[in-house]
Amino acid sequence: MKNKNYLQKMILSALFLALAYLMPFLTGQIPEIGAMLCPLHIPVLICGFICGWPWGLAVGFIAPLFRSLTLSMPPLFPKAICMAFELAVYGLVAGLMYKILPKKKPYIYCSLLIAMVVGRIVWGIAMFICMEASGGAFTFSAFIAGAFTNAIPGIVAQIVLIPIVVMLLEKFKVVKGELL
């Protein structure tokens, strides 16, 4: 049973990594739209909920770097590197909070919101470090714009879509690994 569960999580994580790789193609023709909708974030957050924090962390860290190295989008430095830390934290915190908190609908939203806030803070710290290391500057207003203001459509999409997907997968017992 333990090997079956591990294999299920590995397969689902590979699926979420593939989705994270492919979803930006839906918005990639217009980079400004893609940056606003944050299409890489959705599969990573769902992976954290469904597969658990270790898998969410791994998929979150790998996805932007893999896209950058194979497609040059997002650019590796500083964007993909900073996104790798941000998305790793999304997967980690979403999975950890979902595991720790009671299994009630409001706590799905709590887990998601905590993951989104902590991930954005980590992105800001990573951007600050990368920009300082390269002789640039990363101001608080740049952080607010990049983490929140410019990402409002993506934030709304995540808050609407992810809990619905998690609740549906709970209903069909995919979250507990009972369906596969």
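Begin by colouring the charged side chains: the protein carries 13 positive and 5 negative charges, whose mean positions are 14 Å apart, where Lys and Arg count as positive, Asp and Glu as negative, and His and the chain ends are not counted. Each charge is placed at NZ of Lys, CZ of Arg, CG of Asp or CD of Glu.

Before going further, note that this is a predicted model, in which local features need pLDDT of at least 70 and side-chain atom pairs count only at pLDDT 80 or more, while totals for chains, interfaces and linings use all residues. Residues are numbered from 1 along each chain as its sequence is written, and side-chain values use heavy atoms, with hydrogens and water left out.

The C-alpha atoms fill a box of roughly 50 × 35 × 30 Å along the principal axes. Of the 180 residues, 43% count as buried, that is, under 20% relative accessible area with a 1.4 Å probe and protein chains only. Among contacts (heavy atoms within 4.5 Å) between residues at least 6 apart in sequence, 68% join residues at least 24 apart.

Now display the rings of Phe, Tyr and Trp, the last by its six-membered ring, which pair if their centres lie within 6.5 Å and count as stacked with planes under 30 degrees apart, edge-to-face over 60 and tilted for the rest. A search of the whole structure finds 9 such aromatic pairs. Select phenylalanine 49 and tyrosine 98, whose pair is edge-to-face because the ring centres are 5.2 Å apart and the planes stand at 75°. This pair links distant parts of the chain, since phenylalanine 49 sits in helix H4 (residues 41–51) and tyrosine 98 in helix H6 (residues 76–100), 49 residues apart. Phenylalanine 49 is buried at 2% relative accessible area, and tyrosine 98 is also buried, at 8%.

Then move to tryptophan 123 and phenylalanine 143, a stacked pair with 6.3 Å from centre to centre and 25° between the planes. Tryptophan 123 belongs to helix H7 (residues 105–133) and phenylalanine 143 to helix H8 (residues 140–147), so the pair ties together parts 20 residues apart in sequence. Tryptophan 123 is buried at 11% relative accessibility, and phenylalanine 143 is buried at 13%.

Finally, select Trp123, Phe138, Phe140, Phe143 and Phe148 together, which form one aromatic cluster.

Conventions:
Buried means under 20% relative accessible area, exposed over 50%, partly exposed in between (1.4 Å probe, protein chains only). Helices (H or I, at least four residues) and strands (E, at least two) are DSSP runs, numbered from the N terminus.
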